[in-house]
Amino acid sequence: MLDPAHGGSDAGLQRRGVQEKDVTARVVARIQDELNKAYDVEARVTRVGDEPMRAEERVECAQEWNADCLVSVHVTSDSAQTHGSFIHPGSGRVNRFLQQYLNQGMTEALDQEVEAGETESDILSLALMPAILTISPVSVKENESVCIERVVQAHVRGLVQAYNLQRATRTIDPPGQPVACQPLVYDLVINGRSLGAFAEEEGLLQQIQGHIGWATTIQLERVRTHG
Ligand SMILES: [Zn+2]
């Protein structure tokens, strides 16, 4: 699960009219596209476009989908800022393993030494799966597309090596389509009879409340709204 770390009113760093959220959105869309097209893996994103989403919601998104890992992507044009990958101080072995590979990919693709650090960010402390936060350099002097491509390759290399991803033998249809988290939809089944799918929690709970007391079975089944 790839996470553009900024969006909505949380624009991230701003420099010379460039907002971090716009660059991270492009970087993440390209990483997703590259992984889904070229490798036998399914990459999804926590948000598409400029939606405001709290860290809790983005983590929930990854958890609901049972993501193997969560990579939250930041960029900076400030050369004085540290570049590299960061994990929660309480991280276990799997997370440290992922960090080691991501850093290797970043070092190669960015052609510079990057830091393997720890940080107490919300998204890392909330995530139950291996989670990592990356900060990559995007120079304001260089062509933006060139910078973005380098950051994309840094992440792709790291993830390919960490998970030993194989070249794709299948195509995803439609290719390159962003796949984001869908709203949760539940099918409500009362006494074995389906009352239909509910996307709104309020309507669902009202139905359940109306049947408590006389129904012998109340079942909720998650409806897959995506492929
Ligand atoms: Zn940031």
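Analyst: Here is a walk through the core, its surroundings and a few loops.

A word on the source comes before the details. This is a predicted model, in which local features need pLDDT of at least 70 and side-chain atom pairs count only at pLDDT 80 or more, while totals for chains, interfaces and linings use all residues. Residues are numbered from 1 along each chain as its sequence is written.

Let's start with the whole protein. It has 6 helices and 10 strands; these are DSSP runs numbered from the N terminus, with helices (H or I) of at least four residues and strands (E) of at least two. The C-alpha atoms fill a box of roughly 65 × 40 × 35 Å, taken along the principal axes. The protein is divided into domain 1 (2–162) and domain 2 (185–223), with bounds that come from an automatic or database domain assignment. Between the C-alpha centres of domain 1 and domain 2 there are 38 Å.

How much of the protein is buried? Of its 227 residues, 32% count as buried. A residue is called buried if 20 or more other C-beta atoms lie within 10 Å of its own, exposed if 12 or fewer, and partly exposed in between, with C-beta atoms placed from the backbone.

Now to the core itself. A nonpolar core is a set of buried Ala, Val, Leu, Ile, Met, Phe, Trp, Tyr and Cys residues joined through C-beta atoms within 7 Å. The largest one here has 40 residues, and those with the most contacts inside it are L2, V27, I31, L70, I132 and V151. Each of these elements supplies at least two residues of this core: helix 1 (20–38), helix 2 (55–64), strand 4 (70–76), strand 5 (84–87), helix 3 (93–110), helix 4 (122–126), strand 7 (131–137) and helix 5 (144–162). Helix 5 gives the largest share, 8 residues. In soluble globular proteins, nonpolar side chains tend to be buried together.

Leaving aside neighbours within four places in sequence, V27 is in contact with V73, V75, I148, V151 and V152. Here two residues are in contact if their C-beta atoms, placed from the backbone, lie within 7 Å. For the protein, 73% of the contacts with a separation of 6 or more are between residues 24 or more positions apart.

V138 counts as buried because it has 23 C-beta neighbours inside 10 Å. Neighbours within four places in sequence aside, V138 is in contact with V23, V75, S77, C147, I148 and V151. One of these, S77, is 61 residues away along the chain, yet the C-alpha atoms of V138 and S77 are separated by 5.0 Å.

Next, look at how helix 5 meets helix 3. Their axes come within 7 Å and cross at roughly 140°; axes are lines fitted to C-alpha atoms, for helices over the stretch in contact, and angles run from 0 to 180 degrees between N-to-C directions. Among the residues making this contact are L98, Y101 and L102 of helix 3, and R150, Q153 and A154 of helix 5. By class, the contact has 8 nonpolar, 6 polar and 3 charged residues. In this scheme Ala, Val, Leu, Ile, Met, Phe, Trp, Tyr, Cys and Pro count as nonpolar, Asp, Glu, Lys and Arg as charged, and the others, Gly among them, as polar.

Finally, compare some other loops. V48 is found between helix 1 and helix 2, and is partly exposed because 18 other C-beta atoms lie within 10 Å. V48 and P4 are 44 residues apart in sequence but 8.5 Å apart in space, C-alpha to C-alpha. N66, in the loop between helix 2 and strand 4, is exposed because it has 8 other C-beta atoms within 10 Å. Phi of N66 is near 60°, a positive value in a residue other than glycine.

N191 sits in the loop between strand 8 (185–190) and strand 9 (193–198), and its phi, near 45°, is also positive in a residue other than glycine. With 11 C-beta neighbours inside 10 Å, N191 counts as exposed. W214, in the loop between helix 6 (201–211) and strand 10 (218–223), lies 9.7 Å from N191, C-alpha to C-alpha.
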